[in-house]
Amino acid sequence: MKKKRKISAWKLILPIQLIASVCLVYTVAKMNLLPNRLIVYLVIALIVAFAICGRLMIPFKKLGVGKHGRRSMASEVMMVVGKILSLVLSIVLLIGTIYATNTSQSIKKVASNTVTTTTYNLYVLKSDKYTKLSDLANDKIGYFNHGKSKSYDKAKAKLSDALTFQVANYTTTDALADALYDNSVEGIFVSESYGTVIKKRHPSFDKDTKILWTVTVTTSDNVATTNKDITKQAFVLYVAGVDSRGSVTKTSRADVNMLITVNPTTHQILLTSIPRDSFVALANTNYEYKDKLTHACLFGTDNSVKTVEHLMDIDVDFYARVGFTMITKLVDAVGGVKIYSEKAFIPWTDHSVHVKKGWQTMNGKAALAFARERHAYEQGDRHRAANQQTVIKALINKMTSSTTYLTHYNQILSAIAGSFQTNLSEDQISKLVKYQLSESPKWEMMSSVLNGNSEKVTGGYLMPNSSLYYMILDQKSVNKNRQYIINMEANKKITVAQDATLDADGTDGTDENPTATETTGSSSTSKTTTSSTTSTATN
C-alpha cells in the first residue's frame, strides 16, 4: 500500500502570500492615488519579499538533509522563519488591501457629492389646538416666496399632495411670521433652517408654535464643473463652512465663506475670506435684493457659489461644503495643529477652552473654538475669518507632511467622511493626491480678508423690517482681492501685503517657533493692508 505524500508547508503558505501581494497591487493601482513610480517600487518590494520567503521555506540541498535522511537544524530553523515571515507578510498585505479599499470608498463618498437635504415644517400656533394635518383642510397656509428654489418647489408639491388648502404668498420671513401671529393664515410652511431668522422678530416662536407636518426633500446643487487639469492649471475652490450640527448635507447657513485659489505651476495658494455678514446681492433674487452672505447658503450651496461669483466677478471652478464637526475630527486625526494667537482669551463659543498668547498645539475642540471667535477682537468678523485661515493653513501644512499623510491617512479619511462634500470628481481628487505624492511641492500660502465698514441697515432680504449690523464691503478691497485671483489664474506670482490688524498667526515675527511649519508648505500669511472697523453683527 502506497503512503500518501505529505504536502510541503511552503506549497500552501507561499501561494497565500502571492495572492495577498496581487490583491494589494491590484487594489492600489485601481485606487489611482499613488504615482506610477511608487507602484513600481511596491511591486519590486513584493517580488523581493516573495523570493526571500520562498528561499527560506524551500529546503537548501546543502543544508537540507543530514545523516539518516533528516534535515539539519539550520535548515529547520530557516524553514520556520520563512513560514512565520510569509504568514506575517500575508496578513499585513491583506490589511493593506482593506485600507486601500476603504480609501477608495471614502473618496467615492465625497467626490461629486452635491446632495442637499432640506426639512420643511408646517407651523401652527399652539393656541389654535390643531392636532393633525387634515384639520387645516381648505384653510389658508402661508408660503415664503424664496425666489428660485428647487427644494421648496418639491416640498410644496408634497404638501399639496397631502392636503387641499388655500395659499397666501409672502415675500419676507417677517411678513410670513406676522401673518401667523395675527391669524391672517392658519399655518405657515417654511424651512426649519429659517428658525433663527424668524426668532429674531419673534423670540418666543418655538414656545408659541408647534409642527403639525414635516417633510424632508433631497436636491442636488447645480454648480457647473470645469475640465481643467488641476495639476497644471490654476483653479478656484469655494469653501462653505456650514453651521449644521448634523449631516453636512443639511441645509444651513455658511459661517465660513472662503475662496482657495491654487496654482500648481507657481506653487502658490491664496486663501481669500469674505466675512459672513457681508451685505451682498443674492443670486436667488436675480441679484435684486441684498442680505448677509451667510444667509445665501439657506437657499443652497449653489446659491452661495453664484452669489460669490457675482460679488467678486470671477468664475468658481469647484466648491466644498464642510461641517464644523469635520474640523474637530480632522485636527484630532492629525495629532493637533500648531496655532499662533496674538492674545489670550476664553472663546465665546466654548468657555471650557483657554487660548494662550503665542504658539500652542491645539486639539480639535480648541481649534474650532479659536476659528469661531470674534468677540475677543476689535476687528470682529474679519478677525474671525483670519483665525479660520490660520487653522486651515495649519491643517494644510500638517496634512501635506509626508509623515502625516502616510501614518494618519486612515484617520484623516474617517474624519472627512460624512462631514465633507465637493463637486470635485473622483478622478480630479486622485490627480491632486498623486501630484502631491509625486512632486512634493513647497507651497507658498498667503491669505487675505475682504474689508469694509460695519453699519446698521434696515432692508435685508430675509428681515427687511429689522435693523441689523452688516459688513458693507469696500469696493476697492473687492477689486484688489479679485485682481489677486485673476493674476494667479494667469500664472503670475503674486504678493499680498500684510495687514497689521489681522496678525493671527505670528508671521509678523512677534514669536518664533521652528516647528510651526512642519511640512513642505511655506508659512507665508500676508494679508491686505486696508483698514477696517469693527463688525458687531450677531445674526
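Here is a walk through this predicted model, from its confidence to its helix packing and salt bridges.

The protein has an average pLDDT of 84, and 86% of its residues score at least 70. Confidence is highest in strand S9 (residues 279-281), with a mean of 97, and lowest in helix H3 (residues 61-64), with a mean of 50. Over residues 506-539 the pLDDT stays under 50, although the model has 123 contacts for this stretch beyond four places in sequence. Where pLDDT is low, the predicted coordinates should not be read in detail.

Now turn to the helices. Two packed helices are described by the angle between their axes and the distance between the axes. Start with helix H1 (residues 10-31) and helix H2 (residues 36-57), whose axes come within 11 Å and cross at roughly 175 degrees. An angle over 145 degrees counts as roughly antiparallel, and H1 and H2 are therefore roughly antiparallel to each other. On the H1 side, the contact includes Trp-10, Ile-13, Leu-14 and Gln-17, while H2 contributes residues including Ile-39, Leu-42, Phe-50 and Met-57. Sorted by class, this contact of H1 with H2 has 16 nonpolar residues, three polar and no charged ones.

H1 also meets helix H4 (residues 73-110): their axes come within 8 Å and cross at roughly 25 degrees. That angle makes H1 roughly parallel to H4. The crossing of H1 and H4 is left-handed. In the contact of H1 with H4 there are 13 nonpolar, 10 polar and one charged residues.

By class, the contact of H12 with H13 counts four nonpolar, three polar and two charged residues.

Finally, let's look at charge pairing. Side chains of opposite charge can pair when their charged atoms come close. The whole structure holds 15 salt bridges. One of them joins the side chains of Glu-426 and Lys-108, at 3.3 Å from N to O. Glu-426 sits in helix H16 (residues 426-439) and Lys-108 in H4, so this pair ties together parts that lie 318 residues apart in sequence.

Methods. Residues numbered from 1 in each chain as written. Predicted model: local features only at pLDDT ≥ 70, side-chain atom pairs only at ≥ 80, totals over all residues. Heavy atoms only, no water. pLDDT = per-residue confidence, 0-100. Helix = DSSP H or I, 4+ residues; strand = E, 2+ residues; numbered from the N terminus. Contact = heavy atoms within 4.5 Å. Axes fitted to C-alpha atoms, helices over the stretch in contact; angles between N-to-C directions. Parallel < 35°, antiparallel > 145°, perpendicular 65-115°, else oblique. Left-handed = near helix turned anticlockwise from the far one by under 90°. Nonpolar A, V, L, I, M, F, W, Y, C, P; charged D, E, K, R; others polar. Salt bridge = Lys/Arg side-chain N within 4 Å of Asp/Glu carboxyl O.
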